[in-house]
Amino acid sequence: MKLTRLFTFFVLVTLFPVAAFSASVDTVTTYSKVMKKEIKAVVVKPDSYSTGKKYPTLYLLHGAGGNFSDWVKQTPDPETVKRLSDELLILVVCPDGGVTSWYFDSPIDKTYQYETYVSSELVSYIDQKYSTIKDRSGRAITGLSMGGHGALYLAFRHQDVYGACGSMSGGVDLRPFPENWNIAKRLGSYNENPERWEANSVVNLTHLLTPNKLSIIIDCGSGDFFYKVNVALHDKLLDRNIPHDFIIRPGIHNFAYWGNAIAYQMLYFSKYFKRDQQ
């Protein structure tokens, strides 16, 4: 009897193999007119991707010192983003944001105009090349560390482009770190240009928000060196009555934390996409 069952199972598996879903990864080269250079990006497509369907898009930003491939190579399980793309049917775009661009348009370096690139040039390229929902209701943006700052910065300033945004361990206030991560190379020194540091810190952009215009999720580890600035942003959003999800978990500033955080964030964005498309 046991042999018969084993044989039956073997026949069923042979004739009807279990579906193995695997997202595909494109590495594309885009051209930035504003910076006059080519820039690479990773595009993760669900296994079921078809031009007959329109997909929501998540723009997923890397941190300082990283590059466009980090999200598909550096997490403890490199398959995480691909698996989530499959399960949630979300197109994921991971652009190269320069080693330390901070995702704004530098007023002193014309080769670092990443606000224009990510929020305009790249979005236009992706919408032309892929089968996407070409509306803010089908776009979200998030990232880690420098990319967490960049995602909130771009979404707050371009609410016509993105309908949802997030941050993981984001450097959401630049001012406490005047000597770090080449920020001074993008804005000039803090002592000589404090107004630029004020204007480009996410924590100072909450006046751009109105309740329920953007869906916002913020995640930071309790042992992270950006923990205090994230709590300050959370408090400011509360003061302005801006709805948002705020997650604190044990953790520090590393890929072990972000590899876990991205699952929470992509589920959040999936619910936003489904809600807004109803």
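Colleague: Hi! Quick one to start: is Ser-145 buried or exposed?

Modeller: Hello! Ser-145 is buried, because its relative accessible area is 10% and the cut-off for buried is under 20%. Do keep in mind that this is a predicted model.

Colleague: Thanks. Where is Ser-145 found?

Modeller: Ser-145 is in the loop between strand 5 and helix 5. Its phi is positive, about 55°, although Ser-145 is not a glycine.

Colleague: And what about Trp-102, what is its phi?

Modeller: Phi of Trp-102 is near 65°, which is again a positive value in a residue other than glycine. Trp-102 has its place in the loop between strand 4 and helix 4.

Colleague: Is Trp-102 buried or exposed?

Modeller: Trp-102 is buried, with a relative accessible area of 1%.

Colleague: Which residues form an aromatic cluster with Trp-102?

Modeller: One aromatic cluster is formed by Trp-102, Phe-177, Trp-181, Phe-225 and Phe-226.

Colleague: Nice. How many aromatic pairs does the model have?

Modeller: The count comes to 17 aromatic pairs. One of them joins Phe-177 and Trp-181, with the centres 5.2 Å apart and 55° between the planes, a tilted arrangement.

Colleague: How accessible are Phe-177 and Trp-181?

Modeller: Phe-177 counts as buried, at 13% relative accessibility. Trp-181 is partly exposed, because its relative accessible area of 27% falls between the limits of 20% and 50%.

Colleague: Which kind of pair do Phe-255 and Trp-258 make?

Modeller: That pair is edge-to-face, because the planes of Phe-255 and Trp-258 stand at 85° and anything over 60 degrees is put in that class. Their ring centres are 5.0 Å apart. Both residues belong to helix 9 (residues 255-276), where three residues, about one turn of the helix, separate them. Trp-258 counts as buried, at 5% relative accessibility.

Colleague: Switching to charges: which residue lies over the face of Tyr-112?

Modeller: Arg-186 does, at 3.7 Å from the ring centre of Tyr-112. The charged end of Lys-37 also sits over the Tyr-112 ring, 5.4 Å from its centre.

Colleague: How do strands in a sheet pair, anyway?

Modeller: They pair through backbone hydrogen bonds, in either a parallel or an antiparallel way.

Colleague: Let's take strand 3. How many of its residues are buried?

Modeller: Five of the five residues in strand 3 are buried.

Colleague: In what sense does strand 3 pair with strand 4 and with strand 5?

Modeller: With strand 4 the pairing is parallel, over three bridges, and Leu-58 stands opposite Val-92 there. With strand 5 the pairing is parallel too, over five bridges. In strand 5, Gly-143 is the bridge partner of Leu-61.

Colleague: What joins strand 5 to strand 6?

Modeller: Two bridges join strand 5 to strand 6 (residues 164-168), and these strands run parallel. Ile-141 stands opposite Cys-165 in strand 6.

Colleague: Last one: where does helix 4 bend?

Modeller: Helix 4 (residues 114-129) bends at Leu-122, by about 30°. Leu-122 is among the buried residues of helix 4, which also include Tyr-114, Tyr-117 and Ile-126. The buried residues of this helix pack against several elements, including strand 1 (24-32), strand 2 (37-45) and helix 5 (146-157).

Notes: Residues are numbered from 1 along each chain as its sequence is written. This is a predicted model: local features need pLDDT of at least 70, side-chain atom pairs count only at pLDDT 80 or more; totals for chains, interfaces and linings use all residues. Side-chain values use heavy atoms; hydrogens and water are left out. Rings of Phe, Tyr and Trp (its six-membered ring) pair if their centres lie within 6.5 Å; planes under 30 degrees apart count as stacked, over 60 as edge-to-face and the rest as tilted. Buried means under 20% relative accessible area, exposed over 50%, partly exposed in between (1.4 Å probe, protein chains only). Helices (H or I, at least four residues) and strands (E, at least two) are DSSP runs, numbered from the N terminus. A charge sits over a ring if NZ of Lys or CZ of Arg is within 6 Å of the ring centre and within 35 degrees of the ring normal. The bend at a residue is the angle between axes fitted to the seven residues ending there and the seven starting there. Contact means heavy atoms within 4.5 Å. Two strands pair if DSSP finds at least two bridges between them.
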